[in-house]
Amino acid sequence: MTSLLKHTVAGKPIPLIDGPEKVTGKARYTADLDVCDSLAGRILRSPVSHGEIIRIDVSKAAELEGVCAIITGADCPHTYGVIPIAMNEYPLARDKVRYRGEPVAAVAAVDARTAERALELIQLEIRELPAYYTAADARAPDAVPLHDEKPDNLEREVHNEFGDIAGSFASADRIFSARFDCAEVNHAQMEPHAVLAEYDAERDRLTLQSVSQVPFYVHLMLARCLEMDTSRIRVIKPFVGGGFGARTETLNFELIAGLLARAARGTVMMRLTREETIITHRGRPETQVDLKIGFTRDGRMTAVECEVVQRGGAYAGYGLVTILYAGALLHGLYDIPAVKYDGYRVYANLPPCGAMRGHGTVDVRHAFECLLDRAARELDLDPFALRRANLLDAPSRTLNDLMINSYGLSECLARVEAASGWHERKAAMPPGRGLGMACSHYVSGAAKPVHWTGEPHAVVNLKLDFDGSITVLTGAADIGQGSSTMVTVAAADILGVDVARIRVVANDSAITPKDNGSYSSRVTFMVGNATIEAAKRLREILIDAAATKLDARPEDIECTAETFSVRGGEQSMMSFAEIATAALADSGTITVKGTFTCPPEAQGGKHRGGAVGSTMGFSYAAQVVEVAVDPDTGVVSVEKVWAALDCGFAINPLAVEGQIEGSVWMGMGQALCEETRYANGLPVHAGLLDYRMPTIVESPEIEVHIVESNDPLGPFGAKEAGEGALSGFPPALANAVAQATGLDIDDLPLTPDRITEARIAERRKRRQATNRKASE
């Protein structure tokens with residue numbers, strides 16, 4: 001909520017509070033934890049993409065000296081998953097395997113060599129079934145269902161229509177359409193997966209430390225799959241070396257480690273290789289977008305029709321949400337009178353896809369912004385002018401009932417238009433150079449949680465003790481995005497204290513309050529508001545104590561720079577330490593709680609799936625990208641990027657700038673080179689040498705502009721800043737490449753071979769046209 005107080009800390013650039021540990025190597029990630037007395041855990045994976053498990057014989061492996069436990073699918077009859085109505089995956093395959101690399105058995109042994117030798121001794125017999133690696137093949141009439149209850153291999157289909165589609169298209173002066181194909185991509189986070197599971201056999205308790213973004217969800221799934229009471233489980237999140245959505249659901253190796261630790265009645269460390277991390281996947285699905293947009297002559301959109309097909313991999317995961325997001329966020333960026341959406345999430349015999357930064361929106365936004373530019377060209381309009389012809393008003397509600405309270409897109413457009421010298425430079429670009437632009441947006445957290453319990457969406461406790469320190473207790477997962485720094489700044493700003501007085505304890509279910517996790521850019525909005533509420537309650541207690549000590553009314557007390565004073569009283573002041581001591585005198589340690597719950601009006605429409613896409617506030621972004629395209633090789637070089645993001649209010653401008661740069665850089669990877677490839681279901685990129693992504697060599701200058709629209713519900717007016725800029729980069733680059741080459745390429749990524757093939761196809765097309773004309 002917008003603060004009426006003058007900010008003393010918020011709004012100023014603050015280095016991340018965990019930065020020193022990370023840059024000095026003192027930070028302990030999961031794989032760094034003490035494992036001197038732990039067993040080594042290893043997983044046996046399916047060698048085929050699809051088949052019936054006929055036999056798993058572990059007898060020889062169990063006889064191997066040093067083997068302490070072996071588990072198979074028979075040891076866990078419970079499915080798991082992030083969506084309660086779509087849990088169809090087992091920690092270890094039972095009856096069938098559905099992708100190459102799926103876990104089928106696991107071993108805990110005294111050392112890694114013994115565990116790996118035991119895997120070799122397990123006898124696995126599988127009767128192969130037909131495997132499908134494309135959405136089209138999986139949907140073929142004679143395709144064998146991967147899941148018996150899902151005919152046609154459709155995990156979920158969505159059909160929504162808002163407004164008068166037929167009438168709105170009929171009113172259009174021009175209609176443009178195209179099909180776009182976007183490759184599947186992996187998160188490629190720096191840290192491979194790892195987990196440490198410790199089972200206390202005497203007390204029947206399990207402590208698990210993992211790389212998760214969602215410790216609460218891991219807690220729930222451990223209880224479900226191990227049939228343990230939640231009170232007997234403790235989940236701790238150490239430092240995390242990147243997530244980007246790869247860890248926003250419970251992953252099989254976490255459950256396997258818990259099962260192994262209990263079977264071995266001890267501690268199991270499991271460090272996955274990079275290849276295993278890639279196979280665990282949960283990346284952005286391969287997506288086909290068929291898009292049609294109607295326009296008036298002056299560039300006003302009349303109607304949109306969109307069909308999306310996503311190849312989701314072998315299991316449900318976040319798939320239901322992803323396909324809903326793809327349609328829901330057609331809305332919320334522009335004012336569109338009518339929208340029709342058809343979405344199809346398809347099973348295939350590949351590692352499961354899931355959530356990835358910009359979840360559900362990136363590929364559809366790419367198609368949308370590319371088609372807008374093509375329409376602008378045909379309508380003889382500037383791309384900026386066409387966007388401005390379709391801006392929304394705030395406050396307002398979209399056709400699908402999403403709430404918009406703040407909307408800084410107009411200023412974002414103005415910032416990058418001016419900074420890039422768009423009008424002066426675009427027409428003057430030489431051959432092989434181009435300027436492109438695009439817009440984007442994203443949610444500030446999902447307004448309805450995945451696991452609805454009726455509890456607040458966020459809870460934060462603040463503790464003031466004898467030493468004068470203030471401890472923030474939060475379950476929010478800092479995965480590098482700076483959430484712990486954000487709560488520090490929020491608490492310090494409200495309390496009028498230095499950030500050094502604040503200590504953050506996060507992500508230990510035995511100590512910190514529950515938080516739903518770091519996904520959908522929810523933490524700043526929800527946990528930030530909860531922190532502010534808790535800090536205000538502690539401030540009230542301190543002000544009452546100060547009023548007593550200074551013999552003044554509470555409303556006359558001020559607190560800035562760790563000093564309490566009476567407004568207008570020159571001599572009446574006391575230090576924070578003195579007032580803290582006075583406040584503690586009666587009751588000792590003070591603990592206060594702050595909560596945040598999304599208001600009902602933010603929780604989406606009543607149509608099926610209407611909660612997906614609903615949020616308290618959207619971030620908005622505009623980008624301009626300048627490229628050079630080599631005429632001989634087709635290699636695209638990004639020369640410079642201008643990016644503006646409306647984040648409501650920059651609680652920590654340094655972190656916001658870093659998040660925008662990271663979003664741009666990640667979008668650049670998807671636009672230029674990143675894509676998963678499979679050979680008979682096996683990833684051909686076993687490491688980061690094979691999975692091509694940009695390095696510092698390819699990274700351009702990124703000029704960041706922060707726009708502040710001050711959202712009325714946001715903490716100090718803030719909204720999300722970590723995802724909104726990502727989905728604008730790929731279309732901005734594609735639009736720049738279109739100017740540089742004269743080619744509208746419908747595929748991502750824009751690799752040199754695709755650009756070269758498009759050039760060859762264009763030359764062939766021109767020759768055929770010339771030959772036809774000559775023959776006439």
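**Entry 1**

I began with glutamate 21, which lies in helix H1. The model is predicted, so every value I note here is computed from it. Is glutamate 21 buried, partly exposed or exposed? Its relative accessible area is 30%, so I put glutamate 21 down as partly exposed.

Next I looked up aspartate 32, in the loop between H1 and S1. Its relative accessibility is 42%, so aspartate 32 counts as partly exposed.

Aspartate 37 came next. It is found in the loop between helix H1 (19–24) and strand S1 (39–45). How many residues separate aspartate 37 and valine 268 in sequence? I found 231, with a C-alpha to C-alpha distance of 8.9 Å.

**Entry 1: cis peptide bonds**

The bond from alanine 394 to proline 395 is cis, and its omega is near 0°. I placed proline 395 in the loop between helix H11 (383–388) and strand S16 (396–397).

I noted another cis bond between leucine 748 and proline 749, with omega about 0°. Proline 749 sits in the loop between strand S31 (747–748) and helix H19 (752–775).

**Entry 2: asparagine 400**

I looked at asparagine 400, in the loop between S16 and strand S17 (403–404). Is this asparagine 400 buried or exposed? Its relative accessible area is 4%, and buried means under 20%, so asparagine 400 is buried. What does the side chain of asparagine 400 contact? I found a polar contact with the side chain of threonine 398, at 2.5 Å.

**Entry 3: positive phi**

Aspartate 551 has a phi of about 55°. It lies in the loop between helix H15 (523–550) and strand S22 (557–560). With 72% relative accessibility, aspartate 551 counts as exposed.

Asparagine 710 also has a positive phi, near 55°. I located asparagine 710 in the loop between strand S30 (701–707) and helix H18 (729–741). Its relative accessible area is 38%, so I note asparagine 710 as partly exposed.

**Entry 4: aromatic rings**

How many aromatic pairs are there? The count comes to 13. I picked out phenylalanine 176 and phenylalanine 295. Why is this pair called edge-to-face? Their ring centres are 5.8 Å apart and their planes stand at 65°; over 60 counts as edge-to-face, so the pair gets that label. The pair links distant parts of the chain. Phenylalanine 176 is in strand S8 (residues 174–182) and phenylalanine 295 is in strand S13 (residues 286–295), 119 residues apart. I have both phenylalanine 176 and phenylalanine 295 down as buried.

I also found a cluster. Ring pairs link Phe216, Tyr217 and Tyr519. One of these rings has a charge over it: the charged end of arginine 522 sits over the ring of tyrosine 519, 5.9 Å from its centre.

Which ring lies under the charged end of arginine 139? I found the ring of tyrosine 344, with the charged end 4.7 Å from its centre.

**Entry 5: the second largest pocket**

I finished with the second largest pocket. It holds about 620 Å³ of space. I counted 32 lining residues. Which of them lie nearest the centre? They are Leu320, Lys448, Pro449, Ala611 and Val612.

Which helix gives the most to the lining of this pocket? I found helix H9 (residues 319–328), with 4 residues. I then sorted the lining by class. The lining has 16 nonpolar, 9 polar and 7 charged residues.

Key:
Residues numbered from 1 in each chain as written. Predicted model: local features only at pLDDT ≥ 70, side-chain atom pairs only at ≥ 80, totals over all residues. Heavy atoms only, no water. 1 Å grid on protein atoms, 1.4 Å probe; cavity = no way out; pocket = protein on both sides within 12 Å on 5 of 7 lines; lining within 4 Å. Points joined across faces, edges and corners; volume = space filled by probe spheres on them. Helix = DSSP H or I, 4+ residues; strand = E, 2+ residues; numbered from the N terminus. Nonpolar A, V, L, I, M, F, W, Y, C, P; charged D, E, K, R; others polar. Buried < 20%, exposed > 50% of the residue type's maximum accessible area, 1.4 Å probe, protein only. Phe/Tyr/Trp six-rings, centres within 6.5 Å; stacked < 30°, edge-to-face > 60°. Lys NZ or Arg CZ within 6 Å of the ring centre and 35° of its normal. Polar contact = N/O pair within 3.5 Å; in protein donor to acceptor, adjacent residues only side chain to side chain.
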